[in-house]
Amino acid sequence: MNKLTAVEINKENVLPIDSWKTNIAVKKEEKALAEYYSLLGFHDLVVDAHSMVLELSNKELCKDMGLRAKALLAEFQKRTQSQGSEHSKGLAQVAQSLTNNVQRLLALN
């Protein structure tokens, strides 16, 4: 039997409604990007990654580009993970670093 426990609601443990809405929108966008990249062939992933690198060299990182890069790296990692190679481990580290940076970027906006 589950037991309900009352929790004191205060400013520190309640997420503002705007942050909650933003979080839901970001999760939906991440899911859509993950589905899109999962459908692409490996060559198309590489082409998209190359175009993203060119785009990053021409303008600053924004939230949308950060989410795209995060989803793209996650797809590369997923596809190389089964090989157990050093590439997969390196991608995992880059993906984690990018995830942290995207979270900071989202917190600033």
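User: Which helix does Ile17 lie in?
Analyst: Ile17 falls in the run of residues 17-39. Helices here are DSSP runs of H or I with at least four residues, strands are runs of E with at least two, and both are numbered from the N terminus. That run is helix H1.

User: What kind of model is this, and where does residue numbering start?
Analyst: This is a predicted model, where local features need pLDDT of at least 70, side-chain atom pairs count only at pLDDT 80 or more, and totals for chains, interfaces and linings use all residues. Side-chain values use heavy atoms, without hydrogens and water, and along each chain, as its sequence is written, residues are numbered from 1.

User: How many helices does the protein have?
Analyst: The elements run α-α-α-α from the N terminus on. There are zero strands. The helices come to four.

User: What percentage of the protein's residues count as buried?
Analyst: Buried means under 20% relative accessible area, exposed over 50%, and partly exposed in between, with a 1.4 Å probe and protein chains only. The chain has 109 residues. The buried share is 25%.

User: Which residues make the nonpolar surface patch?
Analyst: Patch residues have over 30% relative accessible area and no salt bridge; nonpolar side chains (Val, Leu, Ile, Met, Phe, Trp, Tyr) are joined within 5 Å, like charges within 9 Å. The areas come from the Shrake-Rupley method with a 1.4 Å probe, and for residues only the protein chains shown count as cover. The patch covers about 290 Å². Its members are Ile17, Trp20 and Ile24.

User: What span does helix H3 reach from its first C-alpha to its last?
Analyst: H3 covers residues 63-81, 19 residues in total.

User: Is Tyr37 buried or exposed?
Analyst: Two aromatic pairs are counted, where ring centres must lie within 6.5 Å and planes under 30 degrees apart are stacked, over 60 edge-to-face and the rest tilted. Tyr36 and Tyr37 form a tilted pair, 5.2 Å centre to centre with 55 degrees between the planes. Tyr36 is partly exposed at 44%. Tyr37 has a relative accessibility of 1%, so it counts as buried.

User: Why does the pair of Phe42 and Phe76 tie together separate parts, and how many residues apart are they in sequence?
Analyst: The ring centres are 5.6 Å apart and the planes stand at 85 degrees, so the pair is edge-to-face. Phe42 is partly exposed at 44%, while Phe76 is buried at 12%. Phe42 lies in helix H2 (residues 42-58) and Phe76 in H3, so the parts joined are 34 residues apart.

Definitions and conventions:
Salt bridge = Lys/Arg side-chain N within 4 Å of Asp/Glu carboxyl O. Expected span 1.5 Å × (residues − 1). Phe/Tyr/Trp six-rings, centres within 6.5 Å; stacked < 30°, edge-to-face > 60°.
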